[in-house]
Amino acid sequence: MKMKKHMLAAAVLAAALSPLASVAPAQPVAGIAYASPAAETQASDAFSVDFKKGCPALFEASDGWTNGNPFNVFWHKGNVTFEDGEMQLIIDNDDQQSQVPYSGGEFRSKQFYGYGRYEVSMKAMKNDGVVSSFFTYTGPSDSNPWDEIDVEVLGKDTTKVQFNYFRNGQGGHEHMYDLGFDASEDFHTYAFEWHKDKIIWFVDGKEAYRIEGANMPVTKGKIMMNAWAGKNVDDWLKAFDDSDLPIMAEYQWVKYTPSED
């Protein structure tokens, strides 16, 4: 079922106004499950998914749409693969549609999750103009406020990771953290703890950055990972280099542990 036009327009406009977002605007999926307050968690929400077992039942691949600016990819489920005990999110040329020139991979939870600890094992892409990500998101496509928490490795410099969050569509909280290693060379664990009054990000179990205050995200979001190429954001990502496609971000596992915050 296609989303109502005003939802799609709102989501695309939000993305256009905030080019540093990892937003996931309107997607044509049936049976939308509307999110609830982030404080509504329970112990049974916890999970740990190992991609050695293939595609988990809790997740699904995005398929059949493009987010609009600043994304220059069309999501295809074929760009999400499971091989050699890992999940691959692939960026490639796209000859299946004419809206945008490239295809991308995105993997998202079917349910929404609130306060707690989010963890992933990821190996990022090294390539100008791309993003390898791990984040929570809800927004106009779910008839919710735009709330989001990000972990993003920019392919132009994979020795750093960018942390960010949105509350009701308001971003501008970017923080660039020097990793001390090249995130494209091996798997590392990236995590964040989402609390009522703070967000704390971790790299390989070590606290990397925290931000505290009253204006934290408050709406449950889906857990998401994607690999995408940007457009009109060269100042942020550099111009996309498509000379060596396909390229991919790789993931070993993802985990969520709820809290009673």
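Modeller: What follows is a close look at one strand and its partners, and then at some loop residues.

This is a predicted model, in which local features need pLDDT of at least 70 and side-chain atom pairs count only at pLDDT 80 or more, while totals for chains, interfaces and linings use all residues. Residues are numbered from 1 along each chain as its sequence is written, and side-chain values use heavy atoms, with hydrogens and water left out.

Begin with strand 9, which covers residues 147-154. Strands (E, at least two residues) and helices (H or I, at least four) are DSSP runs, numbered from the N terminus. Buried means under 20% relative accessible area, exposed means over 50%, and partly exposed is in between, with a 1.4 Å probe and protein chains only. Asp-147, Ile-149, Val-151 and Val-153 point one way from the strand. Glu-148, Asp-150, Glu-152 and Leu-154 point the other way, and they too are buried.

Now the partners. Two strands pair if DSSP finds at least two bridges between them. Strand 8 (residues 130-138) pairs with strand 9 in the antiparallel sense, over 8 bridges. Across from Leu-154 of strand 9 stands Val-131. Strand 10 (residues 160-166) also pairs with strand 9 in the antiparallel sense, here over 5 bridges. Glu-148 has Phe-166 in strand 10 as its bridge partner. Strands 9 and 10 make a hairpin, with 5 residues between them.

Asn-168 is not a glycine, yet its phi is positive, at about 55°. Asn-232 likewise has a positive phi, near 65°, and is a residue other than glycine. Asn-232 sits in the loop between strand 15 (222-229) and helix 2. Asn-232 counts as exposed because its relative accessibility is 66%.

Asn-72 lies in another loop, between strand 2 (59-61) and strand 3 (73-75). Asn-72 has a relative accessible area of 12%, so it is buried. Leaving out residues up to four places away in sequence, Asn-72 touches Val-100, Pro-101, Tyr-102, Ala-229, Gly-230 and Lys-231; contact means heavy atoms within 4.5 Å. Pro-70 is also in the loop between strand 2 and strand 3, and a cis peptide bond with omega of about 10° joins Asn-69 to Pro-70.
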